[in-house]
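Subject: Structure handover

Hello,

Below is the structure I said I would pass on. My notes on it follow.

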Amino acid sequence: MELLPVSELRSRVLAALCRLAYRRGAFVLSSGQSSDYYINGKQVTLDPFGAWWIGQWMFASLSPETVAVGGLTLGADPLVTAVSVVSAIAERPVLGLIVRKQPKGHGTQAWIEGQSLPAGSVVTVLEDVVTTGASALLAAEQLRAAGYRVSRVIALVDRDQGGAEQLAAAGLELHPLLAIAEVHDYYHRYYGGQHGAAS
């Protein structure tokens with residue numbers, strides 16, 4: 001199966017995001033902030049084509065030394081799976097790790113699901129939508145506590161509301177696939193502000 005060029009992936013993901021995930025209205029975000037728009041990334045990351053395109057794009061964005069990708073459940077789960085599957089198709093396997101919000105309540109009581117890696121392994125954090133960066137930061141903290149090297153976060157969209165700065169303060173560099181400005185621009189250009197309005 002042939003992987004698509006990043007330019008093609010960008011146009012397909014942007015179109016899918018605005019069609020499936022972007023909504024106008026009055027919303028309260030997980031951060032507690034109010035917003036006049038909302039992006040439900042899972043509408044795209046759980047779509048078969050959306051997962052395939054985003055998985056390819058995030059895989060192409062990984063540094064060569066990346067051994068695994070990980071993120072906080074639930075938002076990162078489809079991203080981690082998609083990237084890992086794409087890596088197998090590309091014959092450059094990258095393992096997937098899922099970070100729990102609380103340690104497992106039985107058995108090993110682990111924070112992280114997935115194969116154990118050697119100390120110092122490079123792990124990249126994945127996230128769908130970054131607002132304050134709190135979810136990505138929690139994932140990075142647990143991955144670092146497990147002995148892994150974590151310095152990059154790849155996100156589908158950065159809402160440009162301070163997340164990049166919060167992550168940078170923790171030694172994490174944010175690499176969003178899409179800036180919120182281009183999402184707004186595409187949405188208003190093709191949907192005129194009407195598509196997906198809150199009822």
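How many bridges join strand β3 to β6? Three bridges join strand β3 (residues 68-72) to β6, and the two run parallel. Within this pair, Ala68 stands opposite Val123 of β6. Helices here are DSSP runs of H or I with at least four residues, strands are runs of E with at least two, and both are numbered from the N terminus. Two strands count as paired if DSSP finds at least two bridges between them.

Before the rest, the basis. This is a predicted model, in which local features need pLDDT of at least 70 and side-chain atom pairs count only at pLDDT 80 or more, while totals for chains, interfaces and linings use all residues. Residues are numbered from 1 along each chain as its sequence is written, and side-chain values use heavy atoms, with hydrogens and water left out.

The sheet

The sheet is open, has six strands in the order β5-β4-β3-β6-β7-β8, and its pairing is mixed. The edges are β5 (112-113) and β8 (173-179); each has a single partner strand, so one side of each is left without a neighbour in the sheet.

Strand β6 (residues 123-130) pairs with β7 in the parallel sense over five bridges, and Val125 has Val153 in β7 as its bridge partner. Strand β7 (residues 152-158) is mostly covered, with seven of its seven residues buried (under 20% relative accessible area, 1.4 Å probe, protein chains only).

The α1-α3 packing

Helix α1 (residues 6-21) packs against helix α3 (residues 48-61) at an angle of about 135°, and their axes are 9 Å apart. Axes are lines fitted to C-alpha atoms, for helices over the stretch in contact, and angles run from 0 to 180 degrees between N-to-C directions. That makes α1 oblique to α3 (oblique is what remains after under 35 degrees, roughly parallel, over 145, roughly antiparallel, and 65 to 115, roughly perpendicular).

On the α1 side the contact includes Val6, Leu9 and Val13, and on the α3 side Trp53, Ile54 and Trp57 (contact means heavy atoms within 4.5 Å).

Trp52

Trp52 is also found in helix α3. Leaving aside neighbours within four places in sequence, Trp52 is in contact with Met1, Glu2, Leu3, Val86 and Ile89. Trp52 and Leu4 are 48 residues apart in sequence and 10.0 Å apart in space, C-alpha to C-alpha.

Regards

Notes:
Buried < 20%, exposed > 50% of the residue type's maximum accessible area, 1.4 Å probe, protein only.
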